[in-house]
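The exercises below ask you to read a fold from its coordinates, each with a solution that goes step by step. Please keep the sequence and the model open while you work through them.

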Amino acid sequence: MGYAQLVIGPAGSGKSTYCSSLYEHCETIGRTMHVVNLDPAAEIFNYPVAMDIRELISLEDVMEDLKLGPNGALMYCMEYLEDSLHDWVDEELENYRDDDYLIFDCPGQIELFTHVPVLKNFVEHLKQKNFNVCVVYLLDSQLLESGASHIASRVKQKDGSSICKTKQSLD
Ligand SMILES: Nc1nc2c(ncn2[C@@H]2O[C@H](COP(=O)(O)OP(=O)(O)OP(=O)(O)O)[C@@H](O)[C@H]2O)c(=O)[nH]1
């Protein structure tokens, strides 16, 4: 069995910092772990990148070729990743032994979790590949003082669609 930890949370909440600290900690205590970059927009890393979505697809290429903005291009990249679960992802996972620990540094855009099932399917795929999966959700602790100011409350409408409530509407 392999072990996987998905690190998620809003942009700038400290996901990459957490991954890099965890990597350093594991090095110090003599444990092996590998950090995977799942953010096609990431450019600078403070940890050795073991597996990198940018080897599969580049955000810049998508923006240029498909004339998309950064958010649309990110969505495209992640759906491309989903389409590649049984080839690129599986081939990359083959490089890791049964008892290896993988940490996935994920993109922060909330749409990837609310609008499309990409990350959910990614987790399901890891589980099918015999990975024991957990998720770490990071949040700036200062935001805890005022929940309504940052939590977008998803409300089901009568027709089954959902809307997001912002601070103003919550107030
Ligand atoms: N004060 C403080 N700053 C932090 C902490 N963790 C991260 N930072 C800083 O916050 C900024 C963003 O950190 P990142 O690790 O890049 O955050 P991220 O969630 O990976 O960001 P995205 O990749 O843009 O989604 C950096 O300048 C970090 O140095 C923390 O625990 N405390």
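Helices (H or I, at least four residues) and strands (E, at least two) are taken here as DSSP runs, numbered from the N terminus. This is a predicted model, in which local features need pLDDT of at least 70 and side-chain atom pairs count only at pLDDT 80 or more, while totals for chains, interfaces and linings use all residues. Residues are numbered from 1 along each chain as its sequence is written.

**Exercise 1. State how many helices and strands the chain has, and in which order its elements run.**

Solution. Counting the runs gives seven helices and seven strands. Reading from the N terminus, the order is β-α-β-β-α-α-α-β-α-α-β-β-β-α. For contacts, take two residues whose C-beta atoms, placed from the backbone, lie within 7 Å; among those between residues at least 6 apart in sequence, 62% join residues at least 24 apart.

**Exercise 2. Determine which residues of helix H3 are buried, and where they lie around its axis.**

Solution. Begin with the criterion: a residue is buried if 20 or more other C-beta atoms lie within 10 Å of its own, exposed if 12 or fewer, and partly exposed in between, with C-beta atoms placed from the backbone. In the chain, 23% of the 171 residues are buried. In H3 the buried residues are Ala73, Leu74, Cys77, Met78 and Leu81. They cover an arc of only 135° around the axis (the arc being that of the directions from the helix axis to the C-beta atoms), and therefore lie on the same side of H3. The partners of the buried residues of H3 are helix H2 (59-66), helix H5 (111-114) and helix H6 (118-128).

**Exercise 3. Describe the largest nonpolar core and find the element that gives the most to it.**

Solution. A nonpolar core is a set of buried Ala, Val, Leu, Ile, Met, Phe, Trp, Tyr and Cys residues joined through C-beta atoms within 7 Å. The largest one has 31 residues, and those with the most contacts inside it are Val7, Val36, Cys77, Ile103, Phe104 and Cys106. Two or more residues come from each of several elements, including strand E1 (2-8), strand E2 (34-37) and strand E4 (101-105). H3 gives the most, with five residues.

**Exercise 4. Classify the residues around the ligand.**

Solution. The residues around the ligand are Gly9, Ala11, Gly12, Ser13, Gly14, Lys15, Ser16, Thr17, Asp39, Ala42 and Gly108. Ala, Val, Leu, Ile, Met, Phe, Trp, Tyr, Cys and Pro count as nonpolar, Asp, Glu, Lys and Arg as charged, and the others, Gly among them, as polar. The shell then divides into two nonpolar, seven polar and two charged residues.

Note on methods. Near = placed C-beta within 6 Å.
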